[in-house]
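Biologist: I am new to this structure. Please show me how to read a few of its features.

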Amino acid sequence: MRMYLGTTGTWAKISLLLIGFAITSCNTLKRVGEDELLLVKNTIYTDSLKVTDEDIESLIVQKPNSRILGYPLRLNLYNIAKKNPDSSYQDWLYRKPKRKDRLDNFLSEKQVERLGESFLVKGLSVWLKRIGEAPVVIDTSNTRKSLERLSVYYGSKGYFNNNTTFEIDSVSRKQRAEINYKISLGEPYMVDSISHSIASSAIDSLYTLHSEESFVEQGKQFDLADFNAERERLANIFRNSGVYDFQESSISYNIIRDTTKLGEDRKMDVELNIDNLKRRSDTTLTTSEYKIHRFDKINIYTDYLYNERDSEQRFTRFGDYTIFYHNKLRFKPETLADAIFFEKDSIYRDLDRTRTYRQINNLNVFKYPTITFEEDSTRTKLTTNVYLAARPKYSLGMGFDVTHSNIQRVGLAFSPSLQARNLFKGAENLSLTGRLNVGSSSDPTILDSRFFNILEFGADLNLDFPRIWFPFLNTKKIIPSYTLPRTRISLGSSFQQNIGLDKQTFNSILSYNWSPSDFRRNTVELLNIQFVRNVNTDRFFNVYRNSYDRLDEVADDFEGDPTLVEFYETPDGSDDPRLIIPEGTTGFTEAILNGEVEDVDAQQLQEVNSIEERRIRLTENNLIFASNYTFHKNNRNGLTDNNFFQFRWTLESAGNLLSGFANFIPFNKNDDGDLLVFSVPYSQYIKTDIDYVKYWDLSRSKVLAFHTFIGIAVPYGNSTNIPFVRSYFAGGSNDNRAWFPYSLGPGKTNAINDFNEANFKLAFNLEYRFPIVGDIKGALFADAGNIWNVFDDQENPDAVFDGLEDLGDIALGTGFGLRYDFTYFLFRVDLGFKTYNPAEEPSKRWFRDYNFGNSVLQIGINYPF
């Protein structure tokens with residue numbers, strides 16, 4: 001979606017906003033009493049050294065009012081609100097003797113009362129208080145609480161004899177002060193000796209086997225975090241070594257320390273205690289020794305519905321498993337067995353339990369699985385019950401959307417879907433999704449006079465199943481079931497009418513994916529076949545208006561040539577002859593390139609040849625027969641983790657298989673010598689790109705995010721360029737936000753085409769995100785990057801990357817944005833400014849268009865990276 005921001009109106013709004021900020025900034029102390037101090041800063045010192053650790057700073061109870069780029073916005077919003085809107089309204093109402101009576105006569109007594117409850121009178125103040133912040137006035141009782149927290153924290157780090165104090169330091173500005181927290185740490189306590197007392201023999205053996213990996217070590221400074229980590233480590237070891245009922249609460253420590261030896265090294269003795277299992281009934285508490293558990297019976301209930309759980313069931317045995325079902329078994333036993341990671345006589349492991357839950361959910365044919373364990377009388381053998389309830393075999397869906405873009409004024413999109421689960425009893429899922437998009441376009445080249453004059457429709461058929469399917473090869477040993485393997489076979493097509501060149505697209509994909517862990521994922525598309533057919537190639541110059549304008553500009557120099565006169569027409573109301581589309585553009589181009597026109601200089605010939613080559617490239621049909629591999633890795637722990645990285649690497653190769661077939665299959669050739677398959681030259685290239693994202697969690701919900709992208713696609717063999725659908729572009733809401741999509745580059749060219757693309761791309765993005773008010777967040781960003789042509793048939797030196805000196809063509813856009821968090825998605829508005837534009841003359845590249853009149857407003861959903 002393209003939007004432009006007007007200069008005059010924008011400056012007026014910004015001026016009013018700045019004036020409003022200036023007025024309210026003078027009123028920061030409005031709610032601060034004369035004998036009170038506004039807290040403006042906290043500083044923590046340990047042994048005179050300043051502390052900058054955010055975790056330690058979070059222990060302070062009172063924190064200064066939040067600031068946005070140094071401005072206390074939320075405090076001043078709170079100050080704008082009336083302190084007591086009810087009494088203020090009553091005071092205004094009765095300030096003049098007859099005001100109340102006049103309002104009662106004009107409105108009514110009841111409406112006058114409601115006026116006092118209205119948004120403008122009361123609601124606005126309530127809302128401003130809710131989104132604002134009350135002034136943080138220094139309260140020494142809270143300061144002492146902060147000292148207690150700091151003392152406890154440093155005590156947990158071994159500084160048991162620490163001393164804390166604070167001082168209030170007034171600053172030069174009126175009624176404002178800072179608080180300095182000072183901690184004298186003293187000497188830390190060290191772990192001297194470590195012993196253990198373990199009640200259960202099985203636990204004792206396991207502990208001895210893994211004791212060298214302990215977080216609590218002799219000679220190490222005492223740290224309570226080490227003890228907590230050690231408890232978690234031991235509990236994890238025990239529960240993955242057969243002790244399925246181990247309780248972390250059984251682990252405790254006896255710590256003996258001498259706090260009387262002032263001035264000497266502090267030593268402490270640590271004793272690890274692991275008690276027996278405790279079971280509590282209504283009246284008694286019993287203890288028993290922990291034991292290693294092994295699986296005895298493994299039962300799978302495939303039709304466990306609440307209203308049928310007591311009805312008669314049949315069963316069958318498959319390997320270690322007993323499978324129960326009603327009437328008819330709807331699932332292949334092998335499929336169920338592959339999803340269960342418990343084996344008869346093997347020891348219990350929490351890891352196997354987690355993997356079983358993941359794989360059952362991955363099948364996507366069962367609702368919420370439940371797994372229970374029952375001990376036998378010896379408390380060493382387990383009966384495992386896996387309860388499964390099947391999802392409906394068939395389900396229907398319908399999606400509906402209203403869209404708007406630079407192509408269509410309004411569009412209606414429908415997407416009906418049908419899903420069939422467990423198609424061949426092996427958890428195979430088939431989905432059929434249709435797409436229908438009707439829209440209204442104001443494009444004058446579209447002759448259809450109906451309101452909905454553009455149409456796009458298509459369908460996708462996907463079959464996926466929970467294993468790696470590869471003919472004549474057993475992949476289970478290479479890619480085990482716990483990696484959640486999936487195979488997908490996809491067929492799809494789409495058709496356009498009155499959209500661009502009215503493309504018809506057919507695609508087919510055979511892909512595999514598996515995830516060895518929650519943080520790594522592999523995807524292989526063994527076959528990715530795409531055929532693109534352009535139906536209305538005669539509309540090229542109607543669609544690509546920049547190419548037409550360039551060709552018509554050359555044609556202006558030959559208007560008087562009698563051999564070319566038939567190719568021109570003069571539009572009504574104009575005296576400027578224009579090339580006729582398509583007869584004139586085709587005839588003129590052929591005449592120039594075939595040497596039928598005299599006095600054509602080299603520059604004109606090169607320009608016409610360049611336009612014709614691009615027309616052929618964008619109108620020819622494409623056959624892409626590719627394979628690719630993608631590796632994705634991240635270390636993010638949940639949606640609230642803002643200190644993580646993501647890495648993605650993709651390698652794609654196209655045309656090699658067909659090129660190999662050409663050695664023994666006589667393919668036809670076109671005039672350029674390209675091999676043809678179904679009368680279409682197939683694409684041959686190798687492509688790779690790297691995408692890296694890094695987040696840093698700053699203080700108080702502020703985040704710094706960095707993104708880099710490097711991609712290159714090299715044509716060879718049967719191709720001299722990259723298909724448009726596989727090329728790179730720059731600009732847009734998720735790229736360089738100071739340029740619209742496809743409007744940046746290649747290189748230092750000034751968007752000479754309608755859709756500018758190339759086969760080499762660099763992109764770097766840096767964004768600082770911060771909270772503003774409630775669910776409204778802000779961002780400052782800098783986007784750098786560009787696209788170039790390399791190793792292809794592009795001859796324009798301004799668009800080609802020849803060496804490191806061309807890195808000077810990297811464009812820079814900066815700006816700011818607002819986001820509103822709707823919980824399930826985030827709505828984003830960014831305003832980008834062209835800071836460095838390589839398309840300008842060298843002396844005019846910096847800040848040439850750095851103004852609101854040339855800014856670009858980008859709208860997006862969710863974060864750009």
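**Reading contacts and helix packing**

Modeller: Start with a single residue and list what it touches beyond its own stretch of chain. In this predicted model, Asp783 is in contact with Asp735, Asn736, Arg737, Phe764, Asn765, Ala811, Leu812 and Gly813, leaving aside neighbours within four places in sequence. Asp783 itself is found in strand E32, residues 776–788.

Biologist: Is Asp783 buried or exposed?

Modeller: Asp783 is buried, because its relative accessible area is 0% and the cut-off for buried is under 20%.

Biologist: With which side chain does the side chain of Asp783 make a polar contact?

Modeller: The partner is the side chain of Arg737, at 2.9 Å.

Biologist: Now for a pair of helices. At roughly what angle do the axes of H14 and H15 cross?

Modeller: For a helix pair, read the distance and the angle together. Helix H14 (residues 545–555) and helix H15 (residues 583–593) have axes that come within 11 Å and cross at roughly 60 degrees. That makes H14 oblique to H15. The crossing is left-handed.

Biologist: Which residues make the contact?

Modeller: H14 contributes Tyr548, Leu551, Val554 and Ala555, and H15 contributes Thr585, Phe588 and Thr589. Of these contact residues, five are nonpolar, two polar and none charged.

Biologist: Which residues in H15 are buried, and what do they pack against?

Modeller: Gly584, Thr585, Gly587, Phe588, Thr589, Ala591 and Ile592 of H15 are buried. The buried residues of H15 pack against H14, helices H13 (540–543) and H16 (602–619), and strands E22 (568–569) and E23 (578–579).

Biologist: What follows H15?

Modeller: Gly595 follows H15, with a positive phi near 75 degrees.

Notes
Residues are numbered from 1 along each chain as its sequence is written. This is a predicted model: local features need pLDDT of at least 70, side-chain atom pairs count only at pLDDT 80 or more; totals for chains, interfaces and linings use all residues. Side-chain values use heavy atoms; hydrogens and water are left out. Axes are lines fitted to C-alpha atoms, for helices over the stretch in contact, and angles run from 0 to 180 degrees between N-to-C directions. Helices (H or I, at least four residues) and strands (E, at least two) are DSSP runs, numbered from the N terminus. Angles under 35 degrees count as roughly parallel, over 145 as roughly antiparallel, 65 to 115 as roughly perpendicular and the rest as oblique. A crossing is left-handed if the near helix is turned anticlockwise from the far one by less than a right angle, and right-handed if clockwise. Contact means heavy atoms within 4.5 Å. Ala, Val, Leu, Ile, Met, Phe, Trp, Tyr, Cys and Pro count as nonpolar, Asp, Glu, Lys and Arg as charged, and the others, Gly among them, as polar. Buried means under 20% relative accessible area, exposed over 50%, partly exposed in between (1.4 Å probe, protein chains only). A polar contact is a pair of N or O atoms within 3.5 Å; within protein, one must be able to donate a hydrogen and the other to accept it, and residues adjacent in sequence count only if both atoms are side-chain atoms.
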